[in-house]
Amino acid sequence: MEKKLQAFLDGAFAPYGDFPSRADVTRELLTNLQEKYADLKREGMSDNEAYQTTIDSFGDVSEIMEQLPHTKSDAQAADESNSKGSFRKVFKDTMKQAKRSASKFAMTDLRETDLGDSNLSGADFSFSSLQGASFDRSNLTGAKFRAADLTKASFKQSNLTNASLAATSLQDTDLSGADLSGTKFTAAALRGATLANTVLKDTSFNGCDLGNISFDGQTLEGVKFERSSLKKASFKNATLRDVTFHHSDPKEADFSGATLDKITYALLKNTKADLSGVTVA
């Protein structure tokens with residue numbers, strides 16, 4: 001399969017001739033394609049299905065070429081301006097430029113990439129490595145992050161309305177100030193994540209690990225916690241309206257000083273959560 005993927009890359013870059021960074025570009029991309037193919041095979045796809053899906057996710061070669069040096073003098077200038085890992089920087093910058101198009105990001109290595117202040121509405125980042133990536137102030141409405149690694153990523157002030165994060169690693173991720181209206185977290189690990197000042201309206205947490213997460217001072221409206229761990233989660237001084245806890249266990253969560261509507265209060269009372277000091281309004 002390596003030869004077949006290499007042949008695909010050779011054909012994709014054939015119109016551009018032998019530009020200075022071609023060997024580095026194709027080597028980097030071949031590694032990414034091989035990883036994508038292996039992941040798809042592990043999911044149960046046939047050889048042909050995995051190959052076709054892999055190349056379909058490749059994107060537009062012209063976007064890569066726009067960011068790469070085409071002459072030796074261009075390459076030398078790029079190296080001088082960024083002597084440490086110049087190609088890697090160009091490659092990451094290229095992926096950042098792709099945000100302006102309909103390019104796919106699935107199964108892509110975007111670790112430490114700056115995708116802040118971007119319009120990424122509807123983008124698909126499934127199965128991607130996004131550790132430490134920045135999405136600050138970006139529009140991620142309807143974006144998909146299935147089985148993506150977002151450890152220590154940053155979504156400060158971003159718009160994640162109706163986004164889907166399934167089987168996603170979000171440990172130590174900064175979501176402060178993000179709009180999480182209608183966002184669906186499914187089987188997501190959120191330990192150590194920061195959710196301060198987020199918009200939590202019709203947000204759902206299904207099968208998620210929310211241990212030690214702080215919702216202090218937040219307003220939660222129509223939020224659904226289903227089959228999620230809330231061990232030592234904190235809702236101090238929070239306002240909860242029409243919040244449900246189906247098959248979740250909030251007994252060890254802290255609700256001190258919280259304001260609850262009557263429905264939420266009744267639901268929590270049935271779970272035997274400690275509601276001393278809460279206000280029902």
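**Exercise 1.** Is Arg191 buried, partly exposed or exposed?

*Solution.* The scale comes before the residue. Buried means under 20% relative accessible area, exposed means over 50%, and partly exposed lies in between (1.4 Å probe, protein chains only). Arg191 has a relative accessible area of 35%. Arg191 is therefore partly exposed.

Some ground rules apply to every exercise. This is a predicted model, in which local features need pLDDT of at least 70 and side-chain atom pairs count only at pLDDT 80 or more, while totals for chains, interfaces and linings use all residues. Residues are numbered from 1 along each chain as its sequence is written, and side-chain values use heavy atoms, with hydrogens and water left out.

**Exercise 2.** Find what Arg191 and Asp209 form, and state which parts of the chain the pair ties together.

*Solution.* Step one is the rule: a salt bridge is a side-chain nitrogen of Lys or Arg within 4 Å of a carboxyl oxygen of Asp or Glu. Step two is the distance: from N to O, Arg191 and Asp209 are 2.8 Å apart, a salt bridge. Step three is the location, with strands taken as DSSP runs (E, at least two residues) and helices likewise (H or I, at least four), numbered from the N terminus. Arg191 lies in the loop between strand 2 (184-186) and strand 3 (200-201), and Asp209 in the loop between strand 4 (204-206) and strand 5 (219-221), so the pair ties together parts that are 18 residues apart in sequence. Asp209 is partly exposed, at 24% relative accessibility.

**Exercise 3.** Describe the salt bridge between Asp39 and Arg42.

*Solution.* The N to O distance is 2.2 Å. Both residues belong to helix 2 (residues 22-42), three residues apart, about one turn of the helix. Asp39 is partly exposed at 22%, whereas Arg42 is exposed at 63%. By the salt-bridge rule, the count comes to eight.

**Exercise 4.** Give the strand order of the open sheet and name its edge strands.

*Solution.* Two strands pair if DSSP finds at least two bridges between them. The sheet has five strands in the order 3-5-7-8-9, with parallel pairing. Strand 3 and strand 9 (279-280) are the edges, since each pairs on one side only. Strand 3 pairs with strand 5 over two bridges, and Leu200 has Leu220 of strand 5 as its bridge partner.

**Exercise 5.** Where is the pLDDT below 50?

*Solution.* pLDDT is the predictor's confidence in each residue, from 0 to 100. Its mean over the protein is 83, and 81% of the residues reach 70 or more. The pLDDT is below 50 over residues 69-87 and also over residues 94-103. Where pLDDT is low, predicted coordinates should not be read in detail.

Technical notes
Contact = heavy atoms within 4.5 Å.
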